[in-house]
Amino acid sequence: MKVLVLHNPVAGTSAPDDLDTLTQVRAVEQGLRGLGHQVETLCFEAGEGMRHALEKAGPELVFNLVESVDGTSRRAHLAPALLEALGVPFTGAAAEPLRRSTNKLTAKAALTEAGVPTPAWRTLDGAGEDLPLSGPWLVKSVWEHASLGLEEDSVLRPQTLAELMDEMRSRRTDLGGECFAEAYIHGREFNLSLLQSSNGPEVLPPAELRFEGWAPDRARVVGYKAKWLEESPEYAPRSAASTSPGRTLPCSNASPGPPSTPGWPWSCPGTRASTSGSTPTDRPWSSMSTPIPASLRTQGSRPRLPRQA
């Protein structure tokens, strides 16, 4: 099969989270070639020239790794939208669900509509829930991911609504230009990933972020430094310990990068080797897999590309 790996442009001076895109590209390319597929790579850029480039490449399938367009995640849905218009099969979410889920406010609205509670929130233009001001609040980006502009000091305890609004105004540039405040909930944190299969969504094993060595009153935030800056204390590796009888998810590798890749793995549970040797390591916040409840399991196998003869 002729597979095109599509990704956003990355320069040598790009931020660490953007540079991780190239690691993913290499890992996917290597895996696909190992399965016997013909593989090419292409940078996605907005404009009519992109349509021509895709038509010229003529892939049977596109492996979509585009996470941002023109430097912003708010336009990431343009890649699947163009592929849909061209009728080219591709991996990952379709354009509309990607657009809705990339915007955290529309995602919260969809969850609320489905009966799933989310923390209270406020925006600079006054949108949100009309609740009495009480802290703490976490100020985060509406569109960007990878913890862009997010650190422990993003957890605020304003005395007045005006103070909270001022904080959002001062931080919005570093948060991709648009931000909101969400009620901070202190406690355990879990992440769930789902895969679409022929029998419906398949829930992968839950991954817990464990903040080992954290003071009880310290804000539990996995910020940008913890995910991407290897020289920061937040990134420092520590021993991993599995919860019963789950599977350890070392936090020293990117998903879906190869074992030697620093980054963030919890969206794709699986055991990987550490960057410093053969012994798996993780960070002060460790990502752990726990057994999935039988009531959440779905039947059927995960979608896979066929191995070519």
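Modeller: Let's start with one residue pair. His7 has Leu65 in β3 as its bridge partner. Keep in mind that this is a predicted model, where local features need pLDDT of at least 70 and side-chain atom pairs count only at pLDDT 80 or more, while totals for chains, interfaces and linings use all residues. Residues are numbered from 1 along each chain as its sequence is written, and side-chain values use heavy atoms, with hydrogens and water left out.

Colleague: What makes β1 and β3 a pair?

Modeller: Two strands pair if DSSP finds at least two bridges between them. Strand β1, residues 2-7, has five bridges with β3, in the parallel sense, so the pair meets that cut-off. The names come from DSSP runs numbered from the N terminus: helices are H or I with at least four residues, strands are E with at least two.

Colleague: Which strands are the edge strands of the sheet?

Modeller: The open sheet has three strands, in the order β2-β1-β3, with parallel pairing. β2 (38-43) and β3 (61-65) are the edge strands, since each pairs on one side only. On average, neighbouring strands are turned by 25 degrees against each other, direction ignored. For angles, axes are lines fitted to C-alpha atoms (for helices over the stretch in contact), and they run from 0 to 180 degrees between N-to-C directions.

Colleague: What does helix α1 touch on the sheet?

Modeller: Helix α1, residues 16-34, packs on the sheet and touches β1, β2 and β3, where contact means heavy atoms within 4.5 Å. The direction of α1 makes about 170 degrees with that of β1.

Colleague: And why is the β-α-β crossover called right-handed?

Modeller: First the strands: β1 and β2 pair in the parallel sense over six bridges, with Val5 opposite Thr41 in β2. The chain crosses from β1 through α1 to β2, and that crossover is right-handed. The name applies if, with the strands pointing away from the viewer, the path from the first strand over the helix to the second runs clockwise.

Colleague: Why is Leu22 called partly exposed?

Modeller: Buried means under 20% relative accessible area, exposed over 50%, and partly exposed in between (1.4 Å probe, protein chains only). Leu22 has 28%, so partly exposed is the label. Leu22 is in helix α1 and touches His7 and Val10, not counting residues up to four places away in sequence.

Colleague: How do you know that Asp70 and Arg75 meet in a salt bridge?

Modeller: A salt bridge needs a side-chain nitrogen of Lys or Arg within 4 Å of a carboxyl oxygen of Asp or Glu. For Asp70 and Arg75 the N to O value is 2.4 Å, so the pair passes. Asp70, at 57%, is exposed, and Arg75, at 31%, is partly exposed.

Colleague: What about Lys140 and Glu182: are they buried or exposed?

Modeller: Both Lys140 and Glu182 are buried. They also form a salt bridge, with the closest N and O atoms 2.8 Å apart. Lys140 is in strand β5 (residues 137-141) and Glu182 in strand β7 (residues 179-183), so the pair ties together parts 42 residues apart in sequence.

Colleague: Why does Arg171 count as buried?

Modeller: Its relative accessibility is 19%, so Arg171 counts as buried. Arg171 also meets Asp153 in a salt bridge, at 4.0 Å N to O.
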